[in-house]
Amino acid sequence: MTTQTTDRLLTTSKAISEAIGQEIERDERVFVMGEDIGIYGGIFGATEGLLAKYGPERIMDTPISETGFIGAAVGAAVSGMRPIAELMFVDFFGVCMDQIYNHMAKIHYESGGNISVPMVITSAIGGGYGDAAQHSQTLYGMFAHLPGMKIVIPSTPYDAKGLMIAAIRDDNPVLYFFHKGVMGLGWMTPNPRATGPVPEAPYTVPIGKADVKRDGRDLTIVTVSLMVHRALDAADALATEGIEAEVVDLRSLVPLDREAIAESVRKTRRLLVVDEDYKSFGMSGEVITTAIEEAFDYLDAPPARLAFPDVPIPYSRPLEQFCLPNADTIAAAARALINA
Amino acid sequence: MRQEILMPTLSDEAEEGVLVTWFVVPGTPVRADQLIAEVQVEKVSEEVYAPADGRLTEILVQPGEVVRQGEPIGVLEVGAPDATAAPVTRAPTGRSTAPVSPSARRVARELAVDLSTVTGSGPGGRIVEADVRAAAEQGAGQGPAAGPAAAVEPLSPMRRAVATRLSAGLREAAQLTLTAEADATDLVAEIARLSGQWDRRAGYIETIVRACALALRDHPRVARQWTEEGLVTPQSIDIGVAVAVEDGLIVPVIRHADAKGLRELSREIADLAERARSGKLTTPETRGATFSVTSVGAHRVDAFTPLLDLPQAAILGVGRARLRPAVIDGRIVPRTLMVLSLTIDHRVIDGEPAAAFLDRVIALLENPGSLA
Amino acid sequence: MPDNETLREMHRQMVRIRNFEEALVQIYMEGKTPAFDIAAGPVPGEMHLSAGQEPVAAGVCVHLRPTDAITATHRPHHQALAHGVDMKLMAAEIFGKQTGLGHGKGGHMHLFSKDPAFGCSGIVAEGIPTAVGHALAFKKTGRDDVAVSFFGEGAANQGAFHESLNLAALWDLGVVFVCEDNEWAISVPKEKATAIANNSDRASAYGIPGVLIPDNDPVAIYEAAGEAVARARRGAGPSLIEIKTDRLLGHFQGDAQLYRTAEQIDALTARDALVRFEGQLATSGLLTEQQAADVWAACRSEVDAAIEFARSSPLPAPESALDDVFA
């Protein structure tokens, strides 16, 4: 597990805003654009306190013009700045996707490596609190499918700060997705795993490296974001039954740490993927295929997955909760896998 | 037996602290010394360990809640935890053209097992790795697996703890052992004299602890501890004394050993050993040693290689004291000789300073008047 | 100038809407105290209420037939109610019940009705091109129905707004674009987001008429909307109406509104258009105190009945989450 030698605790949202603030201080090319990131501090707290410290030249509120300001971030990055643009909800990508996947992600390649686009797009993902079809999606599988952009998705405050600093310092476009449920916000359902140790000095967490959040010997659970918390809860319950689950937090989807997936499956022989994104054509399929390609001879049971069904996210609580994986359903899937 | 787990007292000024997080869920079996919670008082955080084997039945303070030092934070139901769940028994199905899992195929290749002779226990009669391994144990081709052949004794918490700590120490530290012979003839006489004086039996162990404590004063670098950031010199000389208990080992700690005379050491060691054997030691009493002493002197072992319990960098093993021929002034005379085995972490201490320390210990033991 | 019956009807709609929104202020907080948890209570998720913006709905929708199509936003209740969407079914949908407009699948930001034709969505400016599409269908099938697109002043900075106005003008489509300017995106005020003072001026960039209603006056809105709807209905093409309206509550319920002062909020309450309108009607003798009280009582009962229907309706079966993806 990643070593954390500090007893200072922060929520994930505070870790993110601290990371951004430290990079703003260190590098005058870094600035942030987005809707309600100024006095509001970001709808989910990612830029809390930064306007007051660094002023409106570094923390710029924008109109509701995603194509405009995200496209502007691309241009600014090409011209030598290191912008961070916040797409308020990942669900809003539709209004500006061309700038993201066709322009930001392809310029470096199309220019034969001559021009780089060192920018970060931050965005809130995830549901589970009744925000319905257009405000609850995760969608990282879709973005990961398109070449040219790195994707990081922290699940802990420690990873959140390290990955943000790494993303800002990376010369490539990085999508930084944070789940609303891991931010530790006071107005959402309390989540003890949203608070954790965060060293005060700047540090990086490597992009493209997964992290084993819990060692185990009986099965491997691979997942990302809030589902890491749910998997850990399930693992605690399973441990009382003598089943030791290993929980692998991918932390990055692009690049994907295929070796970490394979190594864990070689150790436990059984794989369960938990995915809050839509089931088909996404992250869960890619992880399972990786396990088969790299660790086929070590599989003792067919790999399994627990993912959001291929339906728009329903509003009403029993419907949404039926669709989302939770600690109980993860534990049940793990038990089935052990007996499979 | 219900035992409350208390909020540690970490500060004299503050009254309250925060329960930061629990590492176990209520209802979970816990082992003695298992990490169960983290608390914080002002800037100091402290880990809380289970005081005994049992089951954590209640959590009284939630993460993030404020609690006064000394107040109960949880309840432990003391007693042996349930045995680990029995392995799932699977009934063989006996089908002939059964599917085989990839892992089973690999192991069959590695162990030269003929798959056509193996019965699968997986769904649909699938042959899984366990089936192949069981078949290999019985001799490949001799019939279907009949279930586990050997009896398996579940690991006790003590066994697990000893295994984990000592093998981790071997992996991380660079351990080597120096041995040297001490002439304990005068020491034996002194111990007899003290027994008469104290009106209770004196023993080797307190003299050795005292000698080590005094030697550590002169050689403080032997007690340093390895951290990634650098070597840390402890503030006090706290010596652990290994006590053999049923199925294992406990090492209670004598705090400020250099400030205690032989008699006090003798009483304290005896008391700690007694409580260790009857399971009455508290967790703080076994934490924080900066040096340890371990003795197999009651057996025939002369020298051995004691293992370090990190982060300690040195441990002294004591062999048997035995009357043997020695050479003094060119003549062979019977003397009581005893081998001391000092294991050190070479990352922290080099051979030469370690040998110098060992010389000092022996010098003190060979001149027992200096131990008073 | 609207006739007396119309004035009274507009007043009634505004009172209905106000009562519905105020009931939701209380209901939304059920289960969410003492510590606010957005996921808790009978109405989880976000809630965007339209108190203060009633004149827009009343002044425009009173001109519409049920077959005229409306596309609206994340703050849709006033327009939905004024257009005749069934209040009981709407309330049930907001409570996530099986009997709701979307059987609990849509929720408050995704209310859809066939009759009257009404749809709304949570992505800013998403509905503007859709309204253009309704008008396109009407033109192709020879219907003289009209499409109305409601959106906020923030949406006027989205590309979709500009594309839609251009397209509707280019193809001569019967769309009424209604920009509800309540001055605030979430925390960003209009003057920090829009380069010009009035979005109605943007109409000329597309060669269509643009009208500015500066003070949330239902009568002024009624008149401008009447002209625009008539224009659209006779095939003369689209128009843009910009209405400066007032958002009395936060952007969403639970919004601490740290971006505007208590004085600013009090000033809004002081010029509450509903109160002003009632005063005007009383002054011109169209609405006695008793009549006003009767209207309020009747609306309160209607709202109570709708809420009661919602509360007593069953929740949908969990597995029904998998239904209705495809026809």
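This passage describes the chains of a predicted model, their secondary structure, selected local packing and the contacts between chains.

The model is predicted, with local features requiring pLDDT of at least 70 and side-chain atom pairs counted only at pLDDT 80 or more, whereas totals for chains, interfaces and linings use all residues. Residues are numbered from 1 along each chain as its sequence is written, chains are lettered from A and ligands numbered from 1 in the order in which they are written, and side-chain values use heavy atoms, with hydrogens and water left out.

Chain A contains 12 helices and 14 strands, where helices (H or I, at least four residues) and strands (E, at least two) are DSSP runs numbered from the N terminus. Of its 340 residues, 63% count as buried, a term that denotes under 20% relative accessible area, with exposed meaning over 50% and partly exposed lying in between (1.4 Å probe, protein chains only). Among the contacts in chain A with a separation of 6 or more, 82% are accounted for by residues 24 or more positions apart, contact being defined as heavy atoms within 4.5 Å. For chain B, the secondary structure comes to seven helices and 18 strands, and buried residues make up 40% of the 372 residues. The corresponding share of contacts between residues 24 or more positions apart, again taken over contacts with a separation of 6 or more, is 63% in chain B.

Within chain A, strand 2 (residues 30-34) is mostly covered, in that five of its five residues are buried. In a regular strand the side chains alternate between the two faces of the sheet. Both faces of strand 2 of chain A are covered, with Val30(A), Val32(A) and Gly34(A) buried on one side and Phe31(A) and Met33(A) buried on the other. Strand 2 of chain A pairs in the parallel sense with strand 4 (residues 82-89) of chain A over five bridges, two strands being taken to pair if DSSP finds at least two bridges between them; in strand 4 of chain A, Ile84(A) is the bridge partner of Val32(A). Strand 2 of chain A also pairs in the parallel sense with strand 3 (residues 59-61) of chain A, over three bridges, and here the bridge partner of Gly34(A) is Asp61(A).

Helix packing in chain A is illustrated by helix 3 (residues 66-78) and helix 4 (residues 97-104), which pack at an angle of about 20 degrees with their axes 8 Å apart; axes are lines fitted to C-alpha atoms, for helices over the stretch in contact, and angles run from 0 to 180 degrees between N-to-C directions. Helix 3 of chain A and helix 4 of chain A are therefore roughly parallel to each other, angles under 35 degrees being counted as such, those over 145 as roughly antiparallel, 65 to 115 as roughly perpendicular and the rest as oblique. Thr67(A), Ile70(A), Gly71(A) and Val74(A) of helix 3 of chain A make this contact with Gln99(A), Ile100(A), His103(A) and Met104(A) of helix 4 of chain A.

In chain B, six strands form an open sheet of mixed pairing in the order 9-18-17-16-12-15, whose edge strands, strand 9 (175-183) and strand 15 (253-254) of chain B, each pair on one side only. Strand 16 (residues 291-295) of chain B runs parallel to strand 17 (residues 314-328) of chain B and is joined to strand 17 by four bridges, with Ser292(B) standing opposite Ile315(B).

In chain C, helix 2 (residues 54-61) has eight of its eight residues buried, so it is largely enclosed by the rest of the structure; among these residues are Glu54(C), Pro55(C) and Cys61(C). Gly119(C), which lies in strand 3 (residues 118-120) of chain C, counts as buried at 12% relative accessibility. The C-alpha atoms of Gly119(C) and Ile70(C) are separated by 6.4 Å, although the two residues are 49 residues apart along the chain. Leaving aside neighbours within four places in sequence, Gly119(C) is in contact with Ile70(C), Thr71(C), Ala72(C), Leu111(C) and Phe112(C).

Between chains, 47 residues of chain C are in contact with 41 residues of chain A. Chain C and chain A bury about 3,300 Å² between them, 63% of it on carbon and sulfur atoms, buried area being the accessible area (1.4 Å probe) that two parts lose on being put together, summed over both. Ile38(C), Ile123(C) and Gln158(C) supply 15% of the area that chain C buries against chain A, more than any other three residues. For chain A and chain B, 16 residues of chain A are in contact with 21 residues of chain B, and the area buried is about 1,500 Å², of which carbon and sulfur atoms give 49%. In chain A, Asp7(A), Asp297(A) and Asp300(A) lose the most area to chain B, together 34% of what that side buries.
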